[in-house]
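Open the model in your viewer and keep the selection panel at hand.

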Amino acid sequence: MKNGNGNTKLILLHPYIQKQGSSNRLWLLAFLSIFTIAFLITLIYTRNSIPTTVAAVAAAAAPSGTPPLAKPVVDALVHYASNYNTTGHMSNAEMKMISDVLRKCSPPCNLLVFGLTLETLLWKALNHNGRTVFIDENRYYAAYVEEKHPGIEAYDVQYTTKISEMNELIAYAKETIRNECRPFQNLLFSDCKLGLNDLPNHAYELAWDVILIDGPREYWPEAPGRMSPIFTAGVLARSKKGGSPKTHVFVHDFNRKVERISSNEFLCKDNLVESQDWLGHFVLERGDKNVFQFCRSHSSSPPSSSSSSS
C-alpha cells in the first residue's frame with residue numbers, strides 16, 4: 001500500500017537562502033552608495049575647476065589692450081558733436097585740441113572733467129581706454145546723467161566760493177601759500193578755501209593725465225565761478241604721485257575774466273601752450289613739495305574789483 005502522500009512534494013525554504021538574498025541586496029546598496037559619492041566628488045571638483053580653466057583660456061586669448069580709436073573715427077565724433085544743432089557746445093577747434101591730447105595719451109588715460117556738458121558722452125567715448133570722472137555742482141543732474149547713461153562716472157561737489165569774492169580769495173591763497181594753499185599737497189586734508197576737499201577719495205590718489213575745466217556753469221556775482229576747479233587742478237597736477245610727470249589742463253571760457261585771472265595765478269602763463277577760441281591749454285609738470293610758488297615768473301596784474309565781468 002502506497003502512502004497517501006506519496007505524490008506530494010514538500011519544498012522547504014532553508015534559512016541560508018534568505019540570508020544569501022539579503023546579502024546580495026546589501027552589496028548592491030553599498031555599491032550604489034560608493035558610486036553616488038564618487039559621482040558627487042567628481043561633479044564638485046569639475047564645477048570648481050571649469051571656471052578657472054575658462055578664465056585662464058579667456059585671459060590667454062584676450063588681447064593685451066583695446067586699441068585706441070582710429071583718427072578718422074575720432075575726427076567723425078568731433079565733427080558731429082561740434083555741428084550739433086544747439087547752442088552752448090564747444091567749437092570744432094576746441095574739441096580737436098582736447099581729442100588730439102586724448103588720442104596720444106598712453107592707456108590707461110585718466111581724465112578728470114569739471115562740468116557735465118553737451119560734450120560729456122564725447123569725452124567718455126574718446127577716452128574709452130581709460131577712466132573718465134565727471135564732477136558737477138548739481139547733485140540731481142549728476143544722478144540723472146548716471147541713470148540715463150550707466151557708463152558715466154559722475155560725482156557732485158559743493159562749492160563755497162563766489163565770483164564776487166575772487167580778489168579776496170586769490171589774495172588769501174597768496175598769503176597762505178606756505179600753509180593751507182601750498183601748491184604741493186593732498187587736498188583731501190586741506191583747509192584752503194580754494195581747494196576742493198570733498199571729492200571722492202580716489203580723486204586725490206589717481207594720477208590725472210588730462211583735466212578739463214568746463215564748470216560750474218553759472219557766471220554771475222553770486223555764482224561759485226571756476227576759481228576752485230582751476231586751483232584744484234593746479235595742485236593735483238603738481239602733487240601727482242605716478243604716471244606721466246606732465247598733466248594737460250584745459251580751461252574752457254578762458255577769455256572770461258575769472259578763468260583768465262585764475263589760470264594765470266595757479267596754472268601760469270609760462271605753461272600755456274596753445275589756445276583756440278574760448279579754450280586754453282596748459283601743460284604742468286610734477287612739482288616739488290619744497291617749492292612754495294605756483295609760477296616761476298609771475299607777471300599777472302592784480303585783479304580789479306569788478307571781477308564778475310567778462
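This is a predicted model: local features need pLDDT of at least 70, side-chain atom pairs count only at pLDDT 80 or more; totals for chains, interfaces and linings use all residues.

Residues are numbered from 1 along each chain as its sequence is written, and side-chain values use heavy atoms, leaving out hydrogens and water.

**Stop 1.** Select T117, L118, E119, T120 and L121, the closest to the centre of the largest pocket among its 19 lining residues. A pocket is an open set of points on a 1 Å grid over the protein atoms alone, where a 1.4 Å probe fits, with protein on both sides within 12 Å along at least five of seven lines; lining residues have an atom within 4 Å of a point. Its space is about 410 Å³, counted as the space filled by probe spheres set on the points, which are joined across faces, edges and corners.

**Stop 2.** Now select R238, G287, Q293, F294 and R296, which lie nearest the centre of the second largest pocket, lined by 16 residues. The volume here is about 290 Å³.

**Stop 3.** Select residues 227-239, helix α7, and residues 257-266, helix α8. Helices are DSSP runs (H or I, at least four residues), numbered from the N terminus. The two axes come within 9 Å and cross at roughly 25°; axes are lines fitted to C-alpha atoms over the stretch in contact, with angles from 0 to 180 degrees between N-to-C directions. So α7 is roughly parallel to α8, a word for angles under 35 degrees. On the α7 side, M227, I230, F231, G234 and R238 make the contact (heavy atoms within 4.5 Å).

Notes. Helices (H or I, at least four residues) and strands (E, at least two) are DSSP runs, numbered from the N terminus. Angles under 35 degrees count as roughly parallel, over 145 as roughly antiparallel, 65 to 115 as roughly perpendicular and the rest as oblique.
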